[in-house]
Amino acid sequence: MLSKTYESTEFFTMSFHSELHKRYAFLVLHSHLFYLYWMVYADQYHLNKGTVRKFPILDPQQIQSKRRFIFHYSNFIWEEMNKNFYDDHYKISPIRKHLPEIDDHISPLYGFDSNQIDFMKNHNMKYRPDQ
């Protein structure tokens with residue numbers, strides 16, 4: 001799970017404290033929370049090491065309460081992604097419907113309430129309905 005699936009010219013390596021922490025970061029990078037952060041603080045085209053490093057990744061102790069969800073859902077999302085790889089890219093459209101559940105579990109760890117989480121999950125539909 002979570003192994004390299006293709007060669008990239010702009011690939012960078014990330015290290016984690018544990019398998020749980022790696023899987024948590026994988027889910028965070030697919031969350032609406034991270035997407036909005038990327039929309040505000042990055043160029044909305046590239047995902048680079050500097051952008052990822054500046055995002056506050058929680059300590060392993062802070063995510064223990066979500067251990068079961070993190071392991072289960074990271075496996076599920078990874079399997080769905082692998083079904084949608086085409087040569088050197090993947091289509092996120094087929095898994096997009098599963099991503100809101102990440103925010104339901106991860107965003108409260110950052111102190112967001114249900115109204116804020118709903119805003120994050122529905123931001124694209126409201127402001128970019130063609131996406």
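Figure 1. At 15% relative accessibility, Glu-80 counts as buried (buried means under 20% relative accessible area, exposed over 50% and partly exposed in between, with a 1.4 Å probe and protein chains only). Lys-83, in contrast, is exposed, its relative accessible area being 56%. The two residues form a salt bridge whose closest N and O atoms are 3.0 Å apart (a salt bridge is a side-chain nitrogen of Lys or Arg within 4 Å of a carboxyl oxygen of Asp or Glu). Both Lys-83 and Glu-80 belong to helix α5 (residues 67–83), where they lie 3 residues apart, about one turn of the helix. Helices are DSSP runs of H or I with at least four residues, strands are runs of E with at least two, and both are numbered from the N terminus. The model is predicted: local features need pLDDT of at least 70, side-chain atom pairs count only at pLDDT 80 or more, and totals for chains, interfaces and linings use all residues. Residues are numbered from 1 along each chain as its sequence is written, and side-chain values use heavy atoms, with hydrogens and water left out.

Figure 2. Between Lys-22 and Glu-19 the closest N and O atoms are 3.3 Å apart, and between Arg-23 and Glu-19 the N to O value is 3.0 Å. Lys-22 and Glu-19 are 3 residues apart in helix α1 (residues 19–29), which means a separation of about one helical turn. Arg-23 and Glu-19, 4 residues apart in helix α1, are likewise separated by about one helical turn. Lys-22 is partly exposed at 27% relative accessible area, as is Glu-19 at 34%, whereas Arg-23 is buried at 8%. The count for the structure comes to 5 salt bridges.

**Figure 3. The packing of helix α1.** Helix α1 is mostly covered, with 8 of its 11 residues buried. Among these buried residues are Leu-20, Tyr-24, Phe-26 and Val-28. The buried residues of α1 pack against α2 (32–41), α4 (60–63), α5 and α7 (100–106); contact means heavy atoms within 4.5 Å.

Figure 4. Phe-69 is buried at 10% relative accessibility, and Tyr-73 is buried at 6%. Tyr-73 also pairs with Phe-76 in a tilted arrangement, at 5.4 Å centre to centre and 40° between the planes. Tyr-73 and Phe-76 are 3 residues apart in helix α5, again about one helical turn. Phe-76 is partly exposed, with a relative accessible area of 24%.

Figure 5. Ring pairs link Phe-34, Tyr-37, Tyr-41, Phe-55 and Tyr-110 into a cluster. The protein as a whole has 8 helices and 2 strands, in the order α-α-α-α-α-β-β-α-α-α along the sequence. Of its 131 residues, 34% are buried.

Terms used: Phe/Tyr/Trp six-rings, centres within 6.5 Å; stacked < 30°, edge-to-face > 60°.
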